[in-house]
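Please open the model in a viewer and keep the selection tool at hand.

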Protein chains: 2
Amino acid sequence: MTLTHDPLSTNCRAVSAVLARVGDKWSVLIVTVLGPGPRRFNELKRSINGISQRMLTLSLRGLERDGLITRTVTPSTPPRVDYELTELGRSLLKPVMALTDWAIKNQSAIKLAQTEFDAASQPDMERRPLQASSSA
Amino acid sequence: MTLTHDPLSTNCRAVSAVLARVGDKWSVLIVTVLGPGPRRFNELKRSINGISQRMLTLSLRGLERDGLITRTVTPSTPPRVDYELTELGRSLLKPVMALTDWAIKNQSAIKLAQTEFDAASQPDMERRPLQASSSA
DNA sequence: CGGAATCCCTCACGATACTG
DNA sequence: CAGTATCGTGAGGGATTCCG
């Protein structure tokens, strides 16, 4: 194992690549949507609020390239393209869910920490208008 | 639970924020380095090959803001600043390790899928110089 | 329907220099 | 030692248009 913390290390680069994909804004969302079963392009687009056509295409390509999903074309009119998780993709779902569970469980603690941090960083907010202003 | 796949949903935004932090190039690396115990600023900088001073500072600030690490200043000369995982930070380590384990286990499968995908995308590479060239 | 191609903008990040 | 400040680059990503 021996994570070397050296980004140039082979293991570390592989891990970083996976973490980058997980941290990608849309990929995990797509994978979770595909969890229950295959979906068509526009089904995905409608399911995921706010994604652009471009980013959906690019994200799907990346996931396909990594072997996490398959792309099946049915040459009908209109054409039909289905995306589906591979076994590898489904296996990724488990550790990802562990992480999302952690996120949901601890989101309030994080929010609180952020609020406290921001309050401490902005002591100006604490600046009460003290008596000087209305001295007249 | 009910992940809505709607980025505007409260749960989904919290999850995305955590995934973004995990997917961040340096944060997870920093957290794993801090796993065994507290470290000073330049210890971290030397431990993590390739990180710039700026990014280390920014990443540490972000982690501190999220309540994942603490920053302790010892006002000596020269000044000394120690960073240490909080309980929350340590608890994050477990699901993250699950993900990194998955990454290490499946890195070869991913590499293979990528190679095949790239080969299929570039049929030009298969272009053998066929007999025409050396017809003479 | 399911893309590919183009334009354009922002902002994340690295490099460098300065400070307490 | 442990930062902050400033600048310059370029990759990420949205909007739009065209195609089979």
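Begin with DNA strand D, which is surrounded by 18 residues. The closest are Arg54(A), Met55(A), Gln53(B), Arg71(B) and Tyr83(B). Of the atoms of DNA strand D that come within 4 Å of the protein, 68% belong to sugar and phosphate. Please bear in mind that this is a predicted model.

In Tyr83(B), an N or O atom of the side chain is 2.5 Å from a phosphate oxygen of DNA strand D. At Val81(B), it is a backbone N or O atom that lies 3.4 Å from a phosphate oxygen of DNA strand D.

Now widen the selection to whole elements. Two or more residues of the surface near DNA strand D come from each of helix H4 (53-65) of chain A and, in chain B, helix H3 (41-47), helix H4 (53-65) and strand S3 (80-85). H4(B) gives the most, with four residues. Coloured by class, this surface shows eight nonpolar, four polar and six charged residues.

Finally, move to helix H1 of chain B, residues 10-23. Its 14 residues reach 20 Å from the first C-alpha to the last, close to the 20 Å expected. Which residues of H1(B) are buried? They are Cys12(B), Ala14(B), Val15(B), Val18(B), Leu19(B), Val22(B) and Gly23(B). To see what covers them, display elements including helices H1 (10-23), H2 (27-34) and H5 (87-121) of chain A, along with H2 (27-34) and H5 (87-121) of chain B.

Methods
Residues are numbered from 1 along each chain as its sequence is written. Chains are lettered from A and ligands numbered from 1 in the order in which they are written. This is a predicted model: local features need pLDDT of at least 70, side-chain atom pairs count only at pLDDT 80 or more; totals for chains, interfaces and linings use all residues. Side-chain values use heavy atoms; hydrogens and water are left out. The expected span of a helix is 1.5 Å times one less than its number of residues. Buried means under 20% relative accessible area, exposed over 50%, partly exposed in between (1.4 Å probe, protein chains only). Contact means heavy atoms within 4.5 Å. A residue is near a molecule or strand if one of its heavy atoms lies within 4 Å of it. A polar contact is a pair of N or O atoms within 3.5 Å; within protein, one must be able to donate a hydrogen and the other to accept it, and residues adjacent in sequence count only if both atoms are side-chain atoms. Ala, Val, Leu, Ile, Met, Phe, Trp, Tyr, Cys and Pro count as nonpolar, Asp, Glu, Lys and Arg as charged, and the others, Gly among them, as polar.
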